[in-house]
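Hello,

Here is the structure I promised to pass on to you. Have a look at it first, and then read my notes below.

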Amino acid sequence: MTERRVAITGLGMVSPLGNNVASSWTQLMARQSGIAPIQQFDASEFPTHIAAEVKAFQPDPILVTKHNRFASRFVWFGLDAALQAMRDAQITLGKDGVLAQRFGVVAGTGMMTLDFDSLLRFQQTCAEDGKIDWSQLANKSQDFYQFADFAKPMVNSGLSSLIQQFGIEGYATSVHTACASSGQALGLAMEVIRRGDADYMLAGGFDSMISPFGLSSFCLLGALSTDNTASASRPFDLTRNGFILGEGAAFLVLENWAHAKARGARIYAELAGEGNTLSSYRITDSPPDGNGALQAIERALKDANVTPADVDYINAHGTSTKMNDLSETNAIKAAFGKRAYHIPVSSTKSQTGHLIAAAGALEAAFSVLAIHHARVPMTANLQHPDPECDLDYVTDGPCERSLGVVLSNSFGFGGSNSCLLFKHPEFGGAV
Amino acid sequence: MSQTRRVFVTGMGAVTATGMNAEATWQALLAGQQGLGNVKLWDLATWSHQKVGELQDFQPATMLPDRKLLKLISRQDVTGISAGMQAVADSQVFAYRDQLDIAQQTTFGEEFALYVGSPGNKYCQQYDFLPVIKHSQADMQIFAKHLFSEVHPMWLLRSLPNNVLAYLGITYGIKGSNHNFTNHAVSGMQALLEAHAAIVAGKAQRALVVGYDLGAEPQALFYYDKLGLLSAQDLKPFDAQHDGTILAEGASALILESEEAVQQRSARCYAEVVGGRTATEAKGLFGIDPQAIALQTLLKQTLEHHNLTPQDLAMIIAHGNGSHLSDVTEARALSSLLAGENTPVTAFKWSMGHTLCASGVLDTVLGLSAMQARCIPGIANLNAVAQECSNLNLSRMTRDWSAGKDHMLIINRGFAGMNACVVLRACA
């Protein structure tokens, strides 16, 4: 049986650079940064008080329904990005033969923790001295109880919002492997179409850890840059010293290639391969030699039936941490040999910050747009070359280049690795 | 790539309120024993709903080989890792690896997948911030100043929803494909289905599948109670007195191997995983379709896809969580599927409680035990079948396995209108 090919026919994003695809891409190409002092709460006394926030976001009015009344900020990002993607693909479930049962969704989601106000009310209700008195919660239950406190942090509440918003009745799941989450979500969605369990998949991710608890957790860990400057996110730079949090969402509409062609859909690119591996090394560190990431790249190439010589651009994970950037560089060198030095490699996190669970989806969408527009994004803020990170990181600015095959890497805490491989829709002449 | 690769279960493990391993949990089920009782981990003496399924013998230092690890993970992670390690030990699959040469061991690790059903974050994990909030209230500047003295620097790592996946990977050098499903109560079953799919697609030769959860935490109990989802009495699937579920903690795990992998090491097989499906009803986070149309469709399509009919099924393990609407809609879907066929139906949650993310894998583990023992455990607290469920062939007694039939169907359901099912076949 011939394996079903997977077309990308819709894109949507809410990013620190813009609240839709066009504005985000334009800002990315214009070398703009989404990083600025945090506005959502007073972060001035945190070691890091800058981040790449989504700005002036208002969800599309069509989304403001009772079904979504308990959506968290990042779920709103996801709903809006998904709506953009559905509109872009010109798909409406129940119309034109698009069956809800053949439409699925996979979302890479964040940690879905309680928001600060909810935990503050909990503390005031039953933990006044910092220790919990459960009898107080029972005594004050009527005053404390808010349905949203249960619905908002429910692990699959964002998935449920997507399902109900679009009337999806097929395959549905949410996944979390930290920063690899939405890259793996796209890979899983591709597999669901390949094996025939769906004809269409909405796939991507949403996240924001720009909250008191999210920012605290990374500050405690010492993972963030404390430079607090616009150039703090500088992947592959010798002076890099940590990442900068971002937030947002991106969704892609994946479609059985034959269906997309039959309905005359615009095909941005083919999602042609995935490499999904575990480093099994340490929780936060990547192996210095690139092990794990290397196998993800090799698997993606094999899965898509292309050779290293076919790859024209790599959208790197490139977090701006010492170990990740070195490990990823070494993985690329191991996978591509001498050719590694001739492949443009850039990290768009230099402009968007790190969207954590949503990073893979946003960067997948940027990779697809790079193919579509024949333009390679740059790595911003790389001014001091690291002798150990000596690839072509596209430091002079975005460049024009015809792209046939593009890789997008995402690596997460816990060691999960995702490498997605996108082909130009006319790559190899096969349309 | 072959679409006809067969997949077998070669190892299993469980940590539940009725036993700290799969065999103890199975024996308790068979003996009609329950592991449910009032909460001991927290002082909820004044609460109206206190009944949960807690682990009776939780000793993390003996459950894990690395005591240092205990400082970096949560209670729920310990159960998940422990169940995974049990399944690995039961299968003896890594003893086989250790006989291989270095190159073969590398390939072995790269072809070993790890699929986990995770509960994500729990309320209790955020209570570490209560002392700093006590000082700061809503003042973020004070919050930031007290943060480093009040909260453990490794808080994030202790709270990662993918800790079980990560640490089992590190422990065994598993380097293949992996996923961490965070989809409420179907997470574990979806992990099983995707691990199966990965092996069928040739993406892996072997897979460790784990589902785990800490269902019985106070704040979750509080909200489930407010929604009317808990029983103050008992978890009574399909019984006329079914009035809610009982939340529980637990974990369960399976080792899956391709036919080729099984033959390589002459492994013992519990059963073949035939396949399964998952889909949503699209009725909202807490909604259920009263007509159960989507569940009916899912079950029928699953059997049809594998050229099976209800006549092929020796047993159906229902989700049977004891809540009225869930039980009734499940009964409606099964009645439609069976269309008069008198297939035995049973459920297991009455014994150890509803372990949420772990429940799908746990029901599979217990179903495999039933398949080995050639019997169908009953619902021991079933007194009078609810009228809406009267079409089902239920029993409170253990029954003989249906002669000449080799398949069983297992159903799993969760929030967001999620349904999932899997079919297993006895090994010849």
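How many salt bridges does a search of the whole structure find over all chains? The search finds 35 of them, where a salt bridge is a side-chain nitrogen of Lys or Arg within 4 Å of a carboxyl oxygen of Asp or Glu.

Some background before the details. This is a predicted model, so local features need pLDDT of at least 70 and side-chain atom pairs count only at pLDDT 80 or more, while totals for chains, interfaces and linings use all residues. Residues are numbered from 1 along each chain as its sequence is written, chains are lettered from A and ligands numbered from 1 in the order in which they are written, and side-chain values use heavy atoms, with hydrogens and water left out.

Let me start with chain A. Glu247(A) and Arg73(A) form a salt bridge through their side chains, at 2.6 Å from N to O. This pair links distant parts of the chain: Glu247(A) is in strand β7 (residues 247-256) and Arg73(A) in helix α2 (residues 73-89), 174 residues apart. Helices (H or I, at least four residues) and strands (E, at least two) are DSSP runs, numbered from the N terminus. Glu247(A) is buried, at 0% relative accessible area, whereas Arg73(A) is partly exposed, at 32%. Here buried means under 20% relative accessible area, exposed over 50%, and partly exposed in between (1.4 Å probe, protein chains only).

Chain B has a salt bridge between the side chains of Arg75(B) and Glu249(B), at 2.7 Å from N to O. Arg75(B) lies in helix α3 (residues 75-91) and Glu249(B) in strand β7 (residues 249-258), so the pair ties together parts that are 174 residues apart in sequence. Arg75(B) is partly exposed, with a relative accessible area of 21%, and Glu249(B) is buried at 1%.

The helix α3(B) itself is worth a look. Of its 17 residues, 14 are buried, so the rest of the structure largely encloses α3(B). After α3(B) comes Gln92(B), which has a positive phi, near 60 degrees.

What about contacts between the chains? The side chains of Arg195(A) and Glu194(B) meet in a salt bridge of 2.6 Å, N to O. Arg195(A) lies in the loop between α8 (181-194) and β6 (200-208) of chain A and Glu194(B) in helix α10 (residues 187-200) of chain B, so this pair joins two chains. There is also a network of salt bridges that links Glu191(A), Arg194(A), Asp303(A) and Lys203(B).

Best wishes
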